[in-house]
Amino acid sequence: MLKKKNLFILIIGYLFIGSSALAFSISPLKYSAVMSPNSSKDWEVKITNNSNQASNFTSKVFGLKQDQQGRSVLEKNIDIAENWFKFPLNNITILPGETKTAIFNVEVPPNTPPGDHYLGLTIEEQGEGALLAQLATALKLQIAGEAREKLVIENFSLNRKIFLIKNG
Amino acid sequence: MRFYRLVSIILLSLVYWPQMTWAAMSSTNYYVYSDTLDFGGEVSSSTSNNLQDSIGGDLAEGNSSSTSYQVKAGYQAAEIGTITLDLSSNSISFGTLSASTLVTSSLVATVDTNSETGYTMSISAVSGSLLSAVTDGTVDGSGSSEEYGLAVSGADAAYANDVAVASSLVLASNSGAVSSKQTTLIFKAIRASNTTAGAYSQSITLTAVVN
């Protein structure tokens, strides 16, 4: 029916049925922890459905970085620790006004080098529309171990001449 | 080694008695997100700074288990508080576009948080494709071209012009606690006369996290 050469070209963007509001909250805001290689731990995030209808929520883990203004930005595949997580309860249905807990299980692999990992434990509301709402609990995960700092002088130069005086 | 076992036994007795649980400790009035075993710490202060420190959180670090109980212990801290995201709609529609006619569709995102470090709202994921992304700061079809972009307005809005919809795009932020802080997201599109006909759609994830 429609052809490119038609005078009236129909371009339909964002055709999704439904416009119900998405509203939920999570707690806590931040976690900070020290873990050893080859250890595991559960993190809990409480979800409250503030909308007037039952909603499904899923959990994911994103890397968490700061931009030049110090603002927190979530992004996938920027931290190897994103792959250490499992989700025992990955699909939760919550009724209006109800609060449930999502569990994030992390297993730090053996031989993981010491260092810091910044992550977002995210809760995403699953809807029928094209816009999805997501909240995150920030997690600073520090892997314990002996830190070996290496400092190498790669180059050294001076703009001034140096005179050495030999005594005697 | 004996000391670690002793600490583990104390932990088992205090925290995981009488049965193993994966849940945090809670009662009718209280909820303990994360517990720790410390033996020291205090509040120190000077003219400019306050410090609340603790000692001993790492003592029982590691996994301990018996037939009935399991402890996954380690130093941890949590900032208790809440963050709420409320979207006025879960979809927007441009309808049928006419050539060289700007079409907009908007929604309101409301954020509440008692975080002392504030929040950032951004786009964490985008899938699908729409018209060509705006590159000159204004979706106006200049040069008879198609353009698609996103503007934001509100006290916390992160930028003032029209920009391309992309992952990691910061939409709004605040450096302190906020109450019902609204940011309007205005999606804009304009098609050219030679734009290929068809249905275009995108899925966008809006995320909020504390700073």
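Guide: Two strands are said to pair if DSSP finds at least two bridges between them. Strands (E, at least two residues) and helices (H or I, at least four) are DSSP runs, numbered from the N terminus. This is a predicted model, in which local features need pLDDT of at least 70 and side-chain atom pairs count only at pLDDT 80 or more, while totals for chains, interfaces and linings use all residues. Residues are numbered from 1 along each chain as its sequence is written, and chains are lettered from A, with ligands numbered from 1, in the order in which they are written.

Visitor: What makes the eight strands an open sheet, and in which order do they stand?

Guide: The order is 7(A)-9(A)-4(A)-2(A)-8(B)-10(B)-14(B)-12(B), with antiparallel pairing. Strand 7 (85-86) of chain A and strand 12 (147-153) of chain B are the edge strands, each pairing on one side only.

Visitor: How do you know that strand 10 and strand 14 of chain B pair?

Guide: Pairing asks for at least two bridges; strand 10 (residues 103-113) and strand 14 (residues 178-190) of chain B are joined by 10 bridges and run antiparallel.

Visitor: Which strands does strand 15 of chain B join, and in which direction do they run?

Guide: Strand 11 (residues 131-143) of chain A is joined to strand 15 (residues 198-210) of chain B by six bridges, and the two run parallel. Here A:Leu132 stands opposite B:Thr205. Strand 11 (residues 119-129) of chain B is joined to strand 15 of chain B by 10 bridges, and these run antiparallel; B:Met121 stands opposite B:Ala208.

Visitor: What joins strand 5 and strand 6 of chain A?

Guide: Four bridges join strand 5 (residues 55-66) to strand 6 (residues 72-75) of chain A, running antiparallel, and A:Leu64 has A:Leu74 as its bridge partner. Five residues lie between the strands of this hairpin, where A:Gly70 takes a positive phi near 80 degrees.

Visitor: How many helices and strands does chain A have?

Guide: Chain A has zero helices and 11 strands.
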